[in-house]
Amino acid sequence: PGPFSWSSTRCVIELGAGLGTVGILAAMLGAPRVLITDLPQVCAHMQKNIDANVAMHPFIERTPPIMLFFLLTPAARLQAAALPWGPDGDDACRRLRDDTDVILASDVVYWECLFEPLLYTMRTLMRPAENGRPATTLYMSQHRRRKQDKRFSIMARKYFDVQEVFSVKSDQLKSNICVTKFQLKPGKGIALPSPIVNIPEQNCL
């Protein structure tokens, strides 16, 4: 395959970013807008890493961390934001879904108790191919280390087309790493209702 192009990408999101290394690298490689996400208590650490990398690579624009959920502004290149998995992240996913074309995740399949919340967020945030627009694509890198990894793969295949696109194994380094591509199957997403807007009562007399 030829070199990867960001030409049709509007926004890249990294899930479970930790320090945000993968998302920051995506920005360095030319992604137009990147949102690195994790739990609210991790935002400050992600922002410190953004600031440190911007100091070394000043061409990466960045803005203060987003502690509330709203869309990226056109001027933003790299931002940190809180995005919990599961229904607690519905508001963020509702706002980000239409603009998100690529999702990145690295080593997020670990605790079994988080498999269902992670899949919920993937199904909420991703779009299938529709109306001539390509599907949202998620690329997940993972150390193959446990039987639970296979369980997550089986669960994911209920909702996603899953394809391994890269793998490398090193006995010397005791590593077995793969990159898997996920795209949502038609009819398998989670449709979120529009937010309720409270309209004040008016006196019609």
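## Strand E1 and its partners

Strand E1 pairs with strand E4 (102–106) in the parallel sense, through four bridges; two strands count as paired if DSSP finds at least two bridges between them. Within this pairing, Glu 14 stands opposite Leu 104 of E4. Helices (H or I, at least four residues) and strands (E, at least two) are DSSP runs, numbered from the N terminus. Please keep in mind that this is a predicted model, in which local features need pLDDT of at least 70 and side-chain atom pairs count only at pLDDT 80 or more, while totals for chains, interfaces and linings use all residues. Residues are numbered from 1 along each chain as its sequence is written, and side-chain values use heavy atoms, with hydrogens and water left out.

E1 also has strand E2 (residues 34–38) as a parallel partner, over three bridges. Here Val 12 has Val 34 of E2 as its bridge partner. Together with helix H1 (residues 21–28), E1 and E2 form a right-handed β-α-β unit; right-handed says that, with the strands pointing away from the viewer, the path from the first strand over the helix to the second runs clockwise.

How is E1 (residues 12–15) covered on its faces? Val 12 and Glu 14 on one side are buried, and so are Ile 13 and Leu 15 on the other. Buried stands for under 20% relative accessible area, exposed for over 50%, and partly exposed for in between (1.4 Å probe, protein chains only).

## Helices H4 and H5

H4 (residues 115–125) packs on H5 (residues 147–156) at an angle of about 35°, and their axes lie 11 Å apart. Axes are lines fitted to C-alpha atoms, for helices over the stretch in contact, and angles run from 0 to 180 degrees between N-to-C directions. The crossing is right-handed, the near helix being turned clockwise from the far one by less than a right angle.

In contact terms (heavy atoms within 4.5 Å), H4 contributes Phe 115, Glu 116, Leu 118, Leu 119 and Met 122, which meet Gln 148, Arg 151, Phe 152, Met 155 and Ala 156 of H5. These residues divide into seven nonpolar, one polar and two charged.

## Two positive phi values

Most residues other than glycine have a negative phi. Asp 107, in the loop between E4 and H4, has a positive phi of about 55°. Asp 107 is partly exposed, at 35% relative accessibility.

Asn 131, in the loop between H4 and strand E5 (137–143), also has a positive phi, near 55°. Asn 131 counts as exposed, because its relative accessible area is 81%.

Conventions:
Ala, Val, Leu, Ile, Met, Phe, Trp, Tyr, Cys and Pro count as nonpolar, Asp, Glu, Lys and Arg as charged, and the others, Gly among them, as polar.
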